[in-house]
Amino acid sequence: MNPLLDFSGLPRFDAIAPEHVGPAIDTLLADAEAAVKRAETVSPVTWDSFVVPLDDATERLWRAWGQVNHLQGVLNSPELRKAYNDNLPKVTRFASALAQNQALFAQYRALAETTDPAALDPARARTLDNALRDFRLGGAELADEAKARFAAVREELASLSAKFSENVLDATDEYAFWIKDRQHLSGLPDEVIAASRAAARAEGEPGWKFTLQMPCYLPVQTYADDRALRQTLYQAYAVRASEAGDEKLDNSPLIQKVLALRAELAQLLGFASYGEYSLATKMAQSPAQVLEFLRELGARALPYARQDRAELEAFARDALGLETLEPWDIAYVSEKLKQARYSFSAQEVKQYFTEEAVLGGLFDLIKSLYGVEVVADTAPVWHPDVRFYRLQDADGSLVGQFYLDLYAREGKRGGAWMDDCRNRRQRADGVQTPLVYLVCNFGKGVDGQPATLTHNEVITLFHEMGHGLHALLTAVGELSVSGINGVEWDAVELPSQFMENFCWEWARLQGMTRHVQTGEPLPRALFDRMIAARHFLSGMQTVRQLEFALFDMALHTEFDPVQDRVMDLLERVRDEVAVNRPPSWHRFPHSFSHIFAGGYGAGYYSYKWAEVLSADAYAAFEEAPDQLADTGARFRAEILSRGGSRSALENFTAFRGRAPSIDALLRHNGMAA
């Protein structure tokens, strides 16, 4: 049996092959299209006669396609890429046709008109409202010619996004820099040297192989004493997927096409810009509101950022003898200044965050907050390094399960993310429990040593687990508003950013640190120095995120591709908020996958928007430190369990008892008045 057609249990990742993709998708598309035909004429229109069978058929298609999409991200190969790209247009066409189906739109309207709102539970009422909204946003009310063009644009955008991501992956994987002389490795951590030596040996070469993968690239920028080595890798990383490299991997024309098509998509629906179209499903009301929010935060952060930059320049000149502070010096000088000011290094701290201790601490926190236990489990996996766990309630009942794929490797997309494999759903035969992926790109231990994580990597792991818990702890039974489904995109980062705060608690770190050599927990004196350094360069880091967010929103609201250039717009944004200016040859947009391939187009501001919510939510725990379980139970009940069954603002207000405030965010970033 084709493993992509087997929905009897867990996905059969050990059996899925590229040749399975086409036949499975064709079968599931045919089933879904037949279900759509039946739904178009079913009468009378009720939840059970119309919504449930339609969900049944389309869920199977999206689950199978989700597995293919996931493998494309974590185990890319030429064969799988071809299978994915061959089937992407078919899947996109079906999605567009579904969103524009007039008969289904009429059926949903009929269901809304004939159903007593008081008889619907909140999840079904929200599902119905969202469905009617999404039909309008999907072009269902357009004239036939405009509807056809809308569908064609969506199909082309899907292909362009996939190609953008592939180009970034290939440009990253194809680069290698070889070092033959050990003196160029001065300053680098032992595990980075060992990993680069192992990479060279794997190819039968002497010396050390350096790549643009994060476990290699970031330590070089942070610790390498060889300035030329830092510059070499910085430049290679900065021009990935641009005109400076392989023409076949240049994202320049893709960026222009994506922007033009997004603008056309919005105009077809009567929106003034793609930014307006994007915000139709978010908490923020307008691009102007978003820009005002970002600029207000920028006004608060910019004085701190300028001070950070001045201190770096002075230290680079006076302590390190650097006449200029170049972009490839910033991470290196920052680390040296932190060591000088706070008497510790990130590398010193890293030795305490051994992987097993961190995971144990994370799982203990989840139990303390929500009363659920993480238990090791077994499942077919796509790579031997992948782990699998179950989440069970206090009575032992299954809440959900998740995969954990921690390490960087070739063929795996960079960054960290959570995605759902199967969502919670109330079925006639019982509850379908959720199943999610948690993916990171950390370095793997070498020469028999356990993997160790930087504190920033620990924060990343907790962040992605927060997303996972949002999907796993939902109590909603309707697919379209279960877990993170139906949650406004600018609120979806709330549970993830909320979890980051616990990485700074002394009691928590005591239980999740164990020195890689001695087994000792993190010393209190070192923790105190970490806390003292917590806001180190926070102004500079804040304006960097604001630069990305302002660029994204301006690109999708104010940019005219005929009269303007993308890089010129980015420079104008930098004039407004940046304190660190990359060289003119830097091509940041060409690898900005978040907005061109990752769903954050005209939505990158969501990170800062949701950070206001998450900081304020965590403040509730700070205000009642002895009531962790009680506050955690309320957070689970009012935010995590609700999913998209009510608005994010209603969820937050129910938990906090008031509207969100920016004060906690400023305090947590060391920028309070």
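My entries run from the whole chain down to single residues.

**Ground rules**

I am working with a predicted model, in which local features need pLDDT of at least 70 and side-chain atom pairs count only at pLDDT 80 or more, while totals for chains, interfaces and linings use all residues. Residues are numbered from 1 along each chain as its sequence is written, and side-chain values use heavy atoms, with hydrogens and water left out.

**The whole chain**

I began with the secondary structure and found 26 helices and 9 strands in the protein chain. I take helices (H or I, at least four residues) and strands (E, at least two) as DSSP runs, numbered from the N terminus.

Next I checked the radius of gyration, which is 25 Å, close to the 26 Å of the globule rule for 673 residues, so the protein chain is as compact as a globular protein of that length. That radius is taken over C-alpha atoms, and the rule is 2.2 Å times the number of residues to the power 0.38. The C-alpha trace spans about 80 × 60 × 55 Å along its principal axes.

I then looked at burial: 56% of the 673 residues count as buried. Buried means under 20% relative accessible area, exposed over 50%, and partly exposed in between (1.4 Å probe, protein chains only). The protein chain exposes about 27,400 Å², and carbon and sulfur atoms supply 50% of that area. These areas come from the Shrake-Rupley method with a 1.4 Å probe; for residues, only the protein chains shown count as cover.

For contacts (heavy atoms within 4.5 Å), I took pairs at least 6 apart in sequence, and 73% of them join residues at least 24 apart.

**Salt bridges**

How many salt bridges does a search of the whole structure find? I got 49, counting a side-chain nitrogen of Lys or Arg within 4 Å of a carboxyl oxygen of Asp or Glu.

I picked out arginine 425 and glutamate 59, whose side chains meet in a salt bridge at 3.0 Å, N to O. This pair links distant parts of the chain, with arginine 425 in strand E7 (residues 425-427) and glutamate 59 in helix H2 (residues 47-74), 366 residues apart. Are the two partners buried or exposed? Arginine 425 is buried at 5% relative accessible area, and glutamate 59 is buried too, at 7%.

Then I turned to arginine 658 and aspartate 616, which form a salt bridge at 2.7 Å, N to O. Here again distant parts of the chain are linked: arginine 658 is in the loop between helix H25 (648-656) and helix H26 (663-668), aspartate 616 is in helix H23 (residues 606-623), and they are 42 residues apart. Arginine 658 is partly exposed, at 33%, whereas aspartate 616 is buried, at 2%. I also noted a network: salt bridges that share partners join Asp56, Glu59, Arg63, Arg425, Arg427 and Asp429.

My last pair was aspartate 134 and arginine 133, with a salt bridge at 2.9 Å, N to O. Aspartate 134 is partly exposed at 36%, and arginine 133 is partly exposed at 27%.

I count two strands as paired if DSSP finds at least two bridges between them. Strand E3 (residues 373-376) pairs antiparallel with strand E4 (residues 387-392) over 4 bridges; valine 374 has leucine 391 of E4 as its bridge partner. E4 also runs antiparallel to strand E5 (residues 398-407), with 6 bridges, and there tyrosine 389 stands opposite phenylalanine 402. The E4 and E5 hairpin has 5 residues between its strands, and glycine 396 takes a positive phi near 90 degrees.

**Loop residues**

Aspartate 329 sits in the loop between helix H12 (287-318) and helix H13 (330-342) and is buried at 0%. Leaving aside residues up to four places away in sequence, I see that aspartate 329 touches Arg227, Arg230, Leu322 and Thr324.

A reminder to myself: most residues other than glycine have a negative phi, and most peptide bonds are trans. The bond from serine 43 to proline 44 is cis, with omega near -5 degrees, and proline 44 lies in the loop between helix H1 (18-41) and H2. Serine 343 has a positive phi near 60 degrees, in the loop between H13 and helix H14 (346-350). Leucine 537 has a positive phi near 60 degrees; this residue lies in the loop between helix H19 (524-532) and helix H20 (538-555) and is buried at 5%.
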